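Trainee: I would like a close look at a single part of this model, the place where the two chains meet. Please take me through it slowly.

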Amino acid sequence: MVSSPVVSLRFAISPVSRRVYTIALGLSLGVAAFGMGCRAPAPGAHDRLAVQTQMVKGPATAPVTIVEFSDYQ
Amino acid sequence: MLKEYDGRVRLIYKDFPLPSHALAMPAHEAARCAGEQGRYWAYHDVLFERQPRFERDDLVAYAINLNLDRERFERCLDGHKPRAAVEADLAEGRALGVRSTPTFFVNGKPLVGAQPVETFRAAIDSALRAAR
């Protein structure tokens, strides 16, 4: 497990042996989102993001993680 | 930006195809199909360069130009193999309050809309200071 003050990471192997990151954004995300006008995630239900390694750039040990929600069109 | 902060910043891309964009979903699926063949980011970049030309033939042509296995790509695309994963990203975004694109979270702090580089630099620097 790798952890930082606001993001902790847990690693798991899927049934198809694809490495998946499960990211617990935690309370900090909810508080920050609320403060900036985004709706805070429901407690416990939506505070983890499953991310495929193919859609990640940069090392898992980086102290800063940017999550981008984007639309191609 | 990632080069500038080499080793200190990680980017996680999440699919958030807006319902108002009819061809967005197949484009997001196509990128993941390219990812099956190890070319996710190359295809991702092509999509941003060529938007909004995302008809099926366009998506296949982009794959061919990247020397992907056409048959495998078409099987993935036509079978909507990545659909569930894209929809899972959408659900995660909605749960976090994402309503428009692009929306970024820098160590959990939201940045909504296309922002100048300086804004990202300030957010990253602040997060780096907080992480010390």
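Mentor: What follows goes through the contact between the chains, and then a few backbone details in one of them. Keep in mind that this is a predicted model. Its scores are ipTM 0.94 and pTM 0.77. For chain B the average pLDDT is 96, and 100% of its residues reach at least 70.

Start with who takes part. Chain A brings 41 residues to the contact, and chain B brings 56 residues. The size of an interface is often given as the accessible area lost when the parts come together. Here chain A and chain B bury about 4,700 Å² between them, and carbon and sulfur atoms account for 60% of that area. On the chain A side, the residues that lose the most area to chain B are A:Met55, A:Phe69 and A:Tyr72, which together make up 22% of what that side buries.

Next, the kinds of contact. Between chain A and chain B there are zero salt bridges. Polar contacts do occur: 24 residue pairs across the interface of chain A and chain B meet the rule, with both residues at pLDDT 80 or more.

Now look at which elements of chain A supply its side. Those that give two or more residues are strand 3 (19-24), helix 1 (26-35), strand 4 (48-52), strand 5 (56-57) and strand 6 (64-70). Strand 6 of chain A gives the most, with seven residues. Sorted by class, the side of chain A that touches chain B has 28 nonpolar, eight polar and five charged residues.

Finally, some backbone details of chain B. B:Gln51 and B:Pro52 are joined by a cis peptide bond with omega of about 5°. B:Pro52 sits in the loop between helix 2 (40-50) and helix 3 (56-65) of chain B. Another cis peptide bond links B:Thr101 to B:Pro102, with omega of about -5°. The loop that holds B:Pro102 runs between helix 5 (83-95) and strand 2 (103-106) of chain B.

Two asparagines in chain B are also worth a look. B:Asn67 is not a glycine, yet its phi is positive, about 65°. B:Asn67 lies in the loop between helix 3 and helix 4 (70-78) of chain B. Its relative accessibility is 70%, so B:Asn67 counts as exposed. B:Asn107 also has a positive phi, near 45°, and is found in the loop between strand 2 and strand 3 (109-112) of chain B. B:Asn107 is buried, because its relative accessible area is 10% and the cut-off for buried is under 20%.

Note on methods. Residues numbered from 1 in each chain as written. Chains lettered and ligands numbered in written order. Predicted model: local features only at pLDDT ≥ 70, side-chain atom pairs only at ≥ 80, totals over all residues. Heavy atoms only, no water. pLDDT = per-residue confidence, 0-100. Helix = DSSP H or I, 4+ residues; strand = E, 2+ residues; numbered from the N terminus. Buried < 20%, exposed > 50% of the residue type's maximum accessible area, 1.4 Å probe, protein only. Contact = heavy atoms within 4.5 Å. Buried area = accessible area lost by both parts, 1.4 Å probe. Salt bridge = Lys/Arg side-chain N within 4 Å of Asp/Glu carboxyl O. Polar contact = N/O pair within 3.5 Å; in protein donor to acceptor, adjacent residues only side chain to side chain. Nonpolar A, V, L, I, M, F, W, Y, C, P; charged D, E, K, R; others polar.
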